[in-house]
Amino acid sequence: MTKEILIADIIDEVEEWTQFVGLIPDELIEWDMSHSLGKCTDFEIEEYECGTEVARHILQELVDEVVLELYSSS
């Protein structure tokens with residue numbers, strides 16, 4: 001990428017930002033949710049991360065419970 005192309009891309013990006021002047025936060029969020037590449041309805045990675053975290057917590061609780069049962073029964 002040449003310096004001129006990079007400068008042109010930056011100018012285009014900054015000019016695009018001018019359309020957001022005067023918008024309230026709700027309008028900015030609505031625009032971003034409908035125009036971004038990773039729309040706010042695509043949560044596959046987050047779903048997986050949360051699922052594994054929940055599973056880890058459940059397993060830890062079960063292990064703790066078994067250890068407590070073994071310790072208290074002896």
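Reply: Gladly! Of the 74 residues in the protein chain, 3% count as buried, meaning under 20% relative accessible area with a 1.4 Å probe, protein chains only (exposed is over 50%, partly exposed in between). This is a predicted model, where local features need pLDDT of at least 70, side-chain atom pairs count only at pLDDT 80 or more, and totals for chains, interfaces and linings use all residues. Residues are numbered from 1 along each chain as its sequence is written, and side-chain values use heavy atoms, leaving out hydrogens and water.

Me: Why does Phe20 count as buried?

Reply: Its relative accessibility is 18%, and the limit is under 20%, so Phe20 counts as buried.

Me: What makes Trp31 partly exposed?

Reply: Trp31 has a relative accessible area of 27%, which falls between the 20% and 50% limits, so the label is partly exposed.

Me: How many aromatic pairs are there?

Reply: One, where rings of Phe, Tyr and Trp (its six-membered ring) pair if their centres lie within 6.5 Å; planes under 30 degrees apart are stacked, over 60 edge-to-face and the rest tilted.

Me: Why are Phe20 and Trp31 called edge-to-face?

Reply: Their ring centres are 4.7 Å apart and their planes stand at 70°, so the pair is edge-to-face. Phe20 sits in the loop between helix 1 (3-17) and helix 2 (25-35), with Trp31 in helix 2, eleven residues apart; helices here are DSSP runs (H or I, at least four residues), numbered from the N terminus.

Key:
Helices (H or I, at least four residues) and strands (E, at least two) are DSSP runs, numbered from the N terminus.
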